[in-house]
Amino acid sequence: HVTGVQTCALPISIMRANKMTDTAIHKYDVAIFGSGPGGERAAMQASKLGKRVVLIEKDSHVGGSSLHTGTIPSKSLRETVVNLSRLKRRVNQGMNISVRRDITVDELMYRKDFVIQEQETTIRNHLFANRIDLVQGTPTFKSPTEIYVETPDGEDDITIHAEFTVISTGSRPHRPTAWFPENAENIYDSDSILQVKRLPHKITIIGSGVIGCEYACIFSRMGIRVNLISRDRTIMPFVDRELSENFMYRMRHNRITLRLGEDVKEIVKVDDEHVKVNLASGKSLSSGAVLIAAGRDSNVEGLGLGEIGVEQGKRGLICVNDKYQTSVENIYAVGDVIGFPGLASTAVIQARIAILHAFNQLENEEMPTDLPFGIWTIPSIAMVGANEEELTDKSIPYEVGIAHFKEVARAHIMGGEYGILKLLFDPETLKLLGVHIIGPHAPQLIHLGQSVMYYGGDIKYFVNAVFNYPTLDEAYRIAAFNGMNRLGLL
């Protein structure tokens with residue numbers, strides 16, 4: 001049992017509880033493809049049920065793209081950038097704090113690398129403690145219960161028999177090949193952008209979804225000029241319109257240029273330091289780098305899904321029912337490989353439900369219908385439940401309660417007084433229908449609203465609740481009072 005961050009450098013084969021160098025078929029109750037949040041949770045849940053579990057990971061590290069190229073790295077980088085921004089703001093307020101202007105990419109990425117090492121060590125220790133066999137290799141279905149695993153050296157290939165399989169192989173950035181010039185060293189996706197060696201003075205980001213907007217904010221806080229290209233006339237159209245408009249205002253305020261309703265025609269390399277993005281409208285945008293954030297593709301190549309009858313949709317997405325069961329009844333799929341919402345948080349719950357269903361342990365548990373969404377832009381955004389447009393389209397009456405963070409003492413203490421917390425509720429029953437937040441710590445604040453919604457609560461809870469002072473949670477009480485005042489109830 002090896003502990004410490006050095007574990008990350010060790011070969012993945014040390015985690016095998018049983019040596020697998022022979023050609024015999026190795027029998028398991030459950031085989032898991034992929035060691036990301038969904039795969040790890042599926043393996044842990046099956047182990048807790050006393051099942052024999054094998055976790056198959058094609059890479060030499062564990063944790064999946066969420067840990068190594070997605071959620072954890074980008075949020076760690078964001079935290080570093082936000083903290084530096086706060087220090088600079090304190091310099092402007094007269095405090096004697098020295099902040100260097102020539103901070104390097106490696107320095108910005110140091111915290112990211114440390115967090116990744118710590119998290120991978122934790123995952124490995126959990127797998128070891130729960131006697132989960134971990135095998136590095138690429139799995140391929142030979143039948144619904146027989147899996148051939150090709151190992152990196154080709155010498156330890158094995159065959160596994162598993163009664164059930166959970167596919168959690170994640171996704172990768174979509175790269176439209178028609179856009180790319182031959183030498184595209186200044187063109188990045190959301191994975192490769194984290195390996196950038198030198199920060200550009202200007203960057204063009206293609207795609208105004210969550211990933212594109214998060215990186216636009218990060219680069220803007222670094223002092224980099226940003227062009228953000230959106231095919232739609234807005235950004236993140238699933239966000240409540242009022243919050244989306246507020247966010248676009250903040251982006252423009254932070255010198256992010258929004259190019260809305262534009263289609264990319266081509267990307268042209270000008271020289272070693274400049275790339276030009278030509279738009280269908282005739283515009284041409286020159287910058288030092290281009291980040292393509294145009295969606296993601298499911299990692300299902302080579303798994304042999306078609307040969308065993310697993311139904312798939314666009315971009316390789318695996319079709320599942322409400323218990324995350326595929327068209328082959330003993331095979332389940334969770335996480336990015338099944339599409340929306342494609343969040344680490346939802347993958348964990350999906351994996352738990354899949355395993356419990358497979359072994360007839362699923363009683364009344366199910367995925368909550370109202371999922372919390374956290375978007376780590378600057379300022380951050382979070383939501384749960386319906387937004388105003390959805391309620392209007394469904395002809396559902398509602399009233400609004402709003403709190404501005406400038407009314408909250410804690411926000412002033414933090415220096416983050418910009419923000420809005422909005423409650424949507426039934427004007428007759430006061431039942432909470434939706435919560436939408438833009439401002440500091442929005443992804444953490446949203447959980448209180450989610451809990452009240454899950455248990456069918458109303459906004460009177462926030463009026464009568466005792467909130468520690470000073471905390472950002474007080475915004476819920478302010479918004480509830482605002483909503484009840486609109487109805488003349490106070």
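Let me begin with a term. A salt bridge is a side-chain nitrogen of Lys or Arg within 4 Å of a carboxyl oxygen of Asp or Glu. Keep that in mind. The model here is predicted. A search of the whole structure finds 17 salt bridges.

First, the overall picture. The protein chain has 490 residues, and 49% of them count as buried. There are 13 helices and 22 strands in the chain. Along its principal axes, the C-alpha trace spans about 70 × 60 × 50 Å.

What radius of gyration would a compact globule with 490 residues have? The rule puts it near 23 Å. The protein chain has 24 Å, so the value agrees with that of a compact globule.

Now contacts. Take those between residues at least 6 apart in sequence: 64% of them join residues at least 24 apart. As for the surface, the accessible area of the chain comes to about 23,400 Å². Carbon and sulfur atoms hold 48% of that area.

Back to the salt bridges. Start with Glu 214 and Lys 75. Their side chains meet at 2.8 Å, N to O. This pair links distant parts of the chain. Glu 214 sits in helix 5, residues 210-221, and Lys 75 sits in helix 3, residues 71-92. The two partners are 139 residues apart. Is Glu 214 buried or exposed? Glu 214 has 6% relative accessibility, so it counts as buried. Lys 75 has 21%, so it counts as partly exposed. The cut-off matters there: buried means under 20% relative accessible area.

Next, two bridges between sequence neighbours. Lys 58 pairs with Asp 59, and the closest N and O atoms are 3.3 Å apart. Lys 58 is partly exposed, at 49% relative accessible area. Asp 59 is partly exposed too, at 28%. Then there is Asp 322 with Lys 323, at 3.2 Å from N to O. Asp 322 has a relative accessible area of 58%, so it is exposed. Lys 323 has 21% and is partly exposed. Salt bridges can also share partners. That is how Asp 240, Glu 242, Glu 388 and Lys 422 are joined into one network.

On to aromatic rings. The structure holds 7 aromatic pairs. One of them is Phe 33 with Phe 141. The ring centres are 5.2 Å apart, with 40° between the planes, and the pair is tilted. Where do these two residues lie? Phe 33 is in strand 1, residues 25-33, and Phe 141 is in strand 4, residues 138-141. The pair therefore ties together parts that are 108 residues apart in sequence. Both Phe 33 and Phe 141 are buried. Elsewhere, Tyr 461, Phe 462 and Tyr 476 form one aromatic cluster.

Leu 77 belongs to helix 3. At 4% relative accessible area, Leu 77 is buried. Which residues does Leu 77 touch, beyond those up to four places away in sequence? They are Leu 108, Met 109, Leu 194, Ile 218 and Met 222. Another distance to note runs from Leu 77 to Asp 113. Their C-alpha atoms are 9.7 Å apart, and the two residues are 36 apart along the chain.

The second one is Ala 333, in strand 17, residues 331-333. Its relative accessibility is 0%, so Ala 333 counts as buried. Set aside its neighbours within four places in sequence. Ala 333 is then in contact with Ile 167, Ile 318, Val 320, Tyr 324, Thr 326 and Ile 338.

Last stop, the surface. Phe 481, Leu 489 and Leu 490 make a nonpolar patch of about 280 Å². Leu 489 is found in the segment after helix 13, which covers 474-486. How accessible is Leu 489? Its relative accessibility is 46%, so Leu 489 counts as partly exposed.

Key:
Residues numbered from 1 in each chain as written. Predicted model: local features only at pLDDT ≥ 70, side-chain atom pairs only at ≥ 80, totals over all residues. Heavy atoms only, no water. Patch = residues over 30% accessible without salt bridge, like charges linked within 9 Å, V, L, I, M, F, W, Y side chains within 5 Å. Areas by Shrake-Rupley, 256 points an atom, 1.4 Å probe, with all protein chains shown as cover. Helix = DSSP H or I, 4+ residues; strand = E, 2+ residues; numbered from the N terminus. Buried < 20%, exposed > 50% of the residue type's maximum accessible area, 1.4 Å probe, protein only. Rg over C-alpha atoms; globule rule 2.2 N^0.38 Å. Contact = heavy atoms within 4.5 Å. Phe/Tyr/Trp six-rings, centres within 6.5 Å; stacked < 30°, edge-to-face > 60°.
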